[in-house]
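Please look over the sequence and the model shown here before reading on.

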Amino acid sequence: MKFGLDAMGILFIKALVLVTCLVGLFSCHHPGISLGGKESRSPKPNFIIILADDIGWGDLGANWNKRKDTPNLDRMATEGMRFIDFHSAASTCSPSRASLLTGRLGLRNGVTHNFAVTSVGGLPLNETTLAEVLKEAGYLTAVIGKWHLGHNGLHHPSFRGFDYYFGIPYSHDMGCTDTPGYNLPPCPPCPQHSTTTSSHPRECYSEVALPLFENLTIIQQPVNLTTLATKYAEKAIQFINYASRRGHPFFLYLALAHMHVPLVRTEPPYNLSYQDPYGANLRQMDALVGQIKAEVDSTARENTLLWFTGDNGPWSEKCEFAGSVGPYTGMWQRKRDGSSAKQTTWEGGHRVPTIAYWAGKIPANVTSHVLLSALDIFPTLVSLANASLPPHRRFDGVDISEVLFGQSNKGHEVLFHPNSGAAGKYGNLQALRLNQYKAFYVTGGAKACDGSIGQEEHHHPPLIFNLQHDIQEQKPLDIKSAEYHAVLPMISQALLGILQDIATDNVSIADYSHDPAVTPCCNPQHLVCCCQSPY
């Protein structure tokens, strides 16, 4: 892997430390963490954020009783708090993750659309991540799973506040593998010889194999997708045990590959009398979450907040390999072609299944209807850690610890949904919630299973839906009605207010330039960068 020259000195020093320290995983102190005088258990709570990829609101059995594939998550819901009006901060990968880790919308943190294999930049370096804040507060920090916020130079997660990194730098469909799994269109395995001819679809990445990182080192390329979930669980449990033994509070950000395509072939082909790859992967994800919760319950039950959520809604163009939006079908858009899920600002694009569990702290078997967002994770965890928010910038999330503890029902009155690819300029705020009302200044449908795309339409005055009576977003309010005229001024003022606030904020600009030289590659001599690994 190649890094920018400005990062070479730092990379070399840290690599030397990692080589000596991480020969046996977690066998010695993490680099950058001083353990002197801190061996006794801190009263600070531990945090585990599990982020599922492309999961639908209706995939969770506790939300939408059409599936029986999530018994562990359903049990966690009965032992904790389930949020049914919780939203990702964007409807696609990189912006959603950037907002979760900064508490700021893309127009502030600079990340408005996805980074690529050849992206030079990533989450801007002047943005402070949740991991950096918690590390400064004495936490051990780890990210396991998908990063997708830049892999070149100082954008690598090892330089964004994480003591330990194990995972892939972007989505697992952004590189070929020897175990490609289920996808639409189906993608071939990595080519073995330069003479290999392939007529693969243009959506498939065949030029470079998907890498697996441990800290700064590519330890496998291509990744073995079949065993990846098992490795994630093993590394997560090892980290929890390591931090617990050291008596340090910890922050684990576990960003799963599930339920993004390609879906892993979890069952032998000869045992698929009822072929349901999505259900099989959903069960595998649920089992992984069950493993993490069991470890928490056995090691740090009364001092650990476990928070499960999703980065955005299902990728509907993948048909039977995509999840369910439940009742949030966006029927106004569906009648005009296109999908109303991932990449859109319809409810199916950003309303995600969410559960919080903390034995003895979060009341059990509670269903919360409070309007909340992944933006709230940052300020909430900072508050619970008794740390301070980074200065000289504004945040879009709010501290919802009182909601978690059953002491308040106050969330957002207004929540903004940035454009995420289906319509409008990336990151612009042209859809918003005001209590039970949802307003659209621009609409459009992402590519649907049938191949249709909903055309971009601008609305002045905006379309306004009352979700309390129309969760399917089927029939907007009559613009001549008293209800419409009562709510429109508040919506207009809310939008004007956020735009003025951002205009006077300390905002960042991400570098979206490309350079093939930054492509992660452990073996440039090989056709697609393959390197042998016993891993």
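Is Cys-93 buried or exposed? Cys-93 counts as buried, at 2% relative accessibility; buried means under 20% relative accessible area, exposed over 50%, and partly exposed in between, with a 1.4 Å probe and protein chains only. This is a predicted model, in which local features need pLDDT of at least 70, side-chain atom pairs count only at pLDDT 80 or more, and totals for chains, interfaces and linings use all residues. Residues are numbered from 1 along each chain as its sequence is written, and side-chain values use heavy atoms, with hydrogens and water left out.

A disulfide is a covalent bond between the sulfur atoms of two cysteines. Here a disulfide is assigned to a pair of cysteine sulfur atoms within 2.5 Å, and the structure holds five of them. One of these joins Cys-176 to Cys-190, with 2.1 Å from S to S. Its torsion about the S-S bond is 105°, a right-handed link. Both Cys-176 and Cys-190 lie in the loop between β5 (164–167) and β6 (212–214), so the pair ties together parts that are 14 residues apart in sequence. Strands and helices are DSSP runs numbered from the N terminus, with at least two residues (E) for a strand and at least four (H or I) for a helix. Cys-176 and Cys-190 are both buried.

Another disulfide is formed by Cys-187 and Cys-204, whose sulfur atoms are 2.0 Å apart. This link is left-handed, with -85° about the S-S bond. Both residues are in the loop between β5 and β6, 17 residues apart. Cys-187 is partly exposed, with a relative accessible area of 24%, whereas Cys-204 is buried at 5%.

Cys-449 counts as partly exposed, at 47% relative accessibility.

The strands β15 and β16 also belong to an open sheet of four antiparallel strands, in the order β13-β14-β15-β16. Two strands pair if DSSP finds at least two bridges between them. β13 (414–418) and β16 stand at the edges with a single partner strand each, so one side of each has no neighbour in the sheet. From one strand to the next the twist averages 25°. β13 pairs with β14 (residues 429–434) in the antiparallel sense over four bridges; Val-414 has Leu-434 in β14 as its bridge partner.

A pocket is an open set of points on a 1 Å grid over the protein atoms alone, where a 1.4 Å probe fits, with protein on both sides within 12 Å along at least five of seven lines; lining residues have an atom within 4 Å of a point. Of its 33 lining residues, the closest to the centre are Asn-114, Asp-173, Tyr-205, Trp-315 and Gln-343.

Technical notes:
Axes fitted to C-alpha atoms, helices over the stretch in contact; angles between N-to-C directions.
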